[in-house]
Amino acid sequence: MNLHEYQAKQLLRDYGVATPRGVVATDTVLAESAAAVLGGAGWVVKAQVHAGGRGKAGGVQLAQSTEELQAHAAQLLGKSLVTRQNAPGGQMVRAVLVEETLDIQREIYLSLTVDRERERIVLVASTAGGMEIEEIAQTDPAKILSEVCDPIWGLQDFQCRSLAFGLGLQGGQVGLFTKLAKGLYRLFLDNDLSLLEINPLAVTRGGDLTALDCKITVDDNALYRRQALAALRDISQDDPKEAAAREAGLNYIALDGNIGCMVNGAGLAMATMDLIKLHGGKPANFLDVGGGATAQTVARAFKIILADPHVNAVLVNIFGGIMRCDIIAEGIVDAVRDVGVKVPVVVRLEGTNVAQGRAMLAESGLAIISAAGLTDAAQQAVAAAAR
């Protein structure tokens, strides 16, 4: 689950990390009043959406007057902001963050994330603040510094000092950086985060360290014990199909293809998508209905898949272990009838009660294409979607 920037910055302040003073505004009147609250002669207006690359997409604007501030707020609020990190239609801007400007000497990149290979939390830093870290990793990897946090001892002072020296910090800034980094590490652990990124961390002319931007992602699997964070979810930023799937207890991720996929098991779902790509098709989604799906679950999964107007065919690939093939077949038949499926449906069933399941599909009288195996299913789905 992602947090908005203003929500992430409140967490930072709770852990002693300095941020610019800011006010959240949901309309132009509030945006103008924010200028009076903050004072000064200039402000930054930042669109609040769950996507990076806002600056390049026009989602971060500098205002030198209240009239300019209002104009920027009006330009952003109620509009979709399209960045390189969100869907083609972008995400709706329902709020802007108006912040004071600072006298910045230079910018640093800083993040905490989970290294899956090492099974450790890693603190990453770079002097290339304000730039895309993926691009720096490709073009100038020597600029990326990192320290691996021990799961028992945590982030140590000597590791923080090592990064501070590598970033060119001097004098009292080293101590400030150490305190900031250890605060971020506590924040990461205390809130079950999977990503905490500050880009950029500003070094001001006065020598202070201030988080100008912040991205926080909370581990969805931990939300049951982080109710205060779960309450911050902004469902308006989620893909509607993904939100519906989450409510139904389904694992769904929207993609940009035209072949809808309904599979039980994450590994089998990935293999199914790989085969679709191998045979020249493009999956429209990842959807794992799980091992305990019912006929009603299958029907809801169909509705979610077909909510995507780009879907030209649906591939159902089920291995019946815990889930019996006859139950899945019942759900498929009911869904095709009730939902009014108008695109080709290719079904591959294997496992418990597979004969009964295939018989139910054959006797349904519906235009369901039965596949003999996974490769056959992928080929038929690709061909059906191309018609």
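Is the crossing of helix 2 and helix 3 right-handed or left-handed? In this predicted model, the crossing of these two helices is right-handed. The axes of helix 2, which spans residues 28–38, and helix 3, which spans residues 66–76, come within 9 Å and cross at roughly 145°. On the side of helix 2, the contact is made by Thr28, Ala31, Glu32 and Ala35, and on the side of helix 3 by Thr66, Leu69, Gln70, Ala73 and Ala74.

When its neighbours within four places in sequence are left aside, leucine 176 is in contact with Gly207 and Leu209. The C-alpha atom of leucine 176 is separated by 10 Å from that of threonine 210, a residue that lies 34 residues away along the chain.

Most residues other than glycine have a negative phi, and most peptide bonds are trans. In the loop between helix 6 and strand 10, aspartate 192 has a positive phi of about 55°, although this residue is not a glycine. Aspartate 192 counts as buried because its relative accessibility of 14% falls under the cut-off of 20%. Strand 10, which comprises residues 193–204, includes proline 200, and the peptide bond that leads from asparagine 199 to proline 200 is cis, with omega near 10°.

A positive phi is also found at asparagine 353, a residue other than glycine, where the angle is near 60°. Asparagine 353 is placed in the loop between strand 17, residues 345–351, and helix 12, residues 354–362. The relative accessible area of asparagine 353 is 26%, and this residue is therefore partly exposed, whereas aspartate 192, at 14%, is buried.

Definitions and conventions. Residues numbered from 1 in each chain as written. Predicted model: local features only at pLDDT ≥ 70, side-chain atom pairs only at ≥ 80, totals over all residues. Heavy atoms only, no water. Contact = heavy atoms within 4.5 Å. Axes fitted to C-alpha atoms, helices over the stretch in contact; angles between N-to-C directions. Helix = DSSP H or I, 4+ residues; strand = E, 2+ residues; numbered from the N terminus. Left-handed = near helix turned anticlockwise from the far one by under 90°. Buried < 20%, exposed > 50% of the residue type's maximum accessible area, 1.4 Å probe, protein only.
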